[in-house]
Amino acid sequence: MSNKYDVVVIGAGPAGYVAAIRCAQLGFKTACVEKWHDDKGNAVYGGTCLNVGCIPSKALLDSSHKYAEAHKDFITHGISADNVTMDVPAMIARKAKIVGQLTQGVKSLFSANKVEGIAGTGKLLAGKKVLVTKHDGTTEEISADNIILAAGSVPINIPPTPIDNDIIVDSTGALEFSSVPKRLGVIGAGVIGLELGSVWSRLGAEVTVLEAMDAFLPAVDTQIAKEAQKILTKQGLIIKLGAKVTGSKITGKGKSKSVTVSYTDANGPQEAVFDKLIVAVGRRPLTENLVDAGSGVELDKRGFVVVDDSCATAVPGVYAAGDIVRGPMLAHKGMEEGVMVAERIAGKKTQVNYSLVPFVIYTHPEIAWVGKTEQQLQQEGREYNIGTFPFSINGRAMAANDTDGMVKILADAKTDRVLGCHIIGPSAADLVQQIVIAMEFSASSEDIGLTMFSHPALSEAVHEAALAVNGHAVHMVNKRKR
Ligand code: FAD
Ligand code: AMP
């Protein structure tokens, strides 16, 4: 094989593998360098998302949700499920199987599309060359007309709680516990902390989440964040806000090992003892050793690759996408950037609409949103109308005994154009997508109100919230009528 390509992608996570496949579809001779490998040295594709992120966390969230339902909810349906037990190793093995199927799936897509996978660590050199260091230490230089950097991100470690992968773990270690810890500490009440905290709480751990900030989920619409805090607390999560972790000490041996965590809150220094501690304080771009100083690619102070709106770096023909560039660290954002870059290389004018990135927190109920929050609209001085509809009066949610939460839609007071949608409730991730599509087509809340929704369905709550914006929800008494 010649070592000259049309496109070389570094990293096969959602941004990189999608970019590589789209490049190959467009007729480019494409290679994708990936350092993740199995014990035989074969590349494993899918990145954080498939291996230790989105997919394994959702697998555990689904298993633990079923367990919690069997314990707490089946009885309301008349089903008695005494002696329901959880085999943690079996749950972890199921997760591993799903991960294996999906990473194999990417491998198959690579061969079907003729993307050449190269196992090794890539580094961008000057002149659009890539130095590949193989797992046996040998090196090879390849080059391409276009390079796409998609090296992704890794968990942030903080000095007070060094990861030992036994008692103190990061998000990756938290997907591998072999039993349910009795007392679990989670540092960080962000998306990952709440999702992983929920998994182990549902299985019986006493979970305490320590969050440095005073506000709970400050990026989320305040009304929805308050509702989320109430519901998660009711489920058993102990959420301590304004609690900044300052230190940790591991004591004991073998099974009696525990960690004493020091933190400060409004009342001064505090301590808490846990059997396991998950550090979930965010992620950082993985860009050290990714680009040679002479390559011309710039990193910002936090290590992100500097790119423009089209993911182009300052070096013609060199692009970067996914978690290593600005914007939310989300798989779907990276995938869309991967497609955009591939199509731009092919001369198309593809863009990513960064104002309509959907966000989801996969707790139960799910929390999902798109567009502006009420606070953002207030800060911008925009006039808006609000429509809300609770799941407690949605027929389908009642049938499923899954009635926590609401849909909230915000629309411009003059034009009625939908500006944001915020949902906490069953299947919120799928429901919010309806509004992402509506907003992509600049829909008004009236447009959504005039659309027919199947009955009975959870999405009727979206319909009714849209009707409520203009004061004429049908299955609810409106706060203001029109
Ligand atoms: P990555 O997925 O990190 O992939 C980068 C790849 O590049 C990796 O395979 C890495 O090995 C490889 N690589 C790095 N450096 C080199 C190099 N020099 N040479 C060769 N290869 C290299 N996002 C969502 O949208 N939804 C979710 O539900 C969700 N849940 C998550 C749950 C957890 C626990 C975690 C940790 C993350 C979650 N995320 C979720 C975030 C999501 O995983 C990331 O946003 C996404 O994986 C980023 O994609 P990426 O392609 O930019 O990078
Ligand atoms: P996210 O970036 O969404 O994954 O969230 C990480 C969370 O961890 C943020 O809300 C941070 O405020 C929080 N955090 C970071 N450092 C600490 C610390 N030392 N103690 C407690 N919380 C922290």
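Is Trp369 buried or exposed? Trp369 is buried, with a relative accessible area of 9%. This value, like the others here, comes from a predicted model.

**A stacked pair**

Trp369 has an aromatic partner, Phe359. Their ring centres lie 5.1 Å apart. The planes meet at 5 degrees, so the pair is stacked. The cut-off for stacking is under 30 degrees. Phe359 belongs to strand 18 (residues 359-361). Trp369 belongs to strand 19 (residues 366-371). Phe359 is partly exposed, at 27% relative accessible area.

**A tilted pair**

The model holds three aromatic pairs in total. Another of them joins Phe177 and Trp200. Here the centres are 5.0 Å apart, and the angle between the planes is 45 degrees. That makes the pair tilted. Phe177 sits in the loop between strand 8 (168-169) and strand 9 (183-187), while Trp200 sits in helix 5 (residues 191-202). The pair therefore ties together parts that are 23 residues apart in sequence. Phe177 is buried, with a relative accessible area of 4%. Trp200 is also buried, at 0%.

| Residue | Relative accessible area | Class |
|---|---|---|
| Phe177 | 4% | buried |
| Trp200 | 0% | buried |
| Phe359 | 27% | partly exposed |
| Trp369 | 9% | buried |

**A charge over a ring**

What sits over the ring of Tyr5? The charged end of Lys29 does. That end is 4.7 Å from the centre of the Tyr5 ring.

Technical notes: Residues are numbered from 1 along each chain as its sequence is written. Chains are lettered from A and ligands numbered from 1 in the order in which they are written. This is a predicted model: local features need pLDDT of at least 70, side-chain atom pairs count only at pLDDT 80 or more; totals for chains, interfaces and linings use all residues. Side-chain values use heavy atoms; hydrogens and water are left out. Rings of Phe, Tyr and Trp (its six-membered ring) pair if their centres lie within 6.5 Å; planes under 30 degrees apart count as stacked, over 60 as edge-to-face and the rest as tilted. Helices (H or I, at least four residues) and strands (E, at least two) are DSSP runs, numbered from the N terminus. Buried means under 20% relative accessible area, exposed over 50%, partly exposed in between (1.4 Å probe, protein chains only). A charge sits over a ring if NZ of Lys or CZ of Arg is within 6 Å of the ring centre and within 35 degrees of the ring normal.
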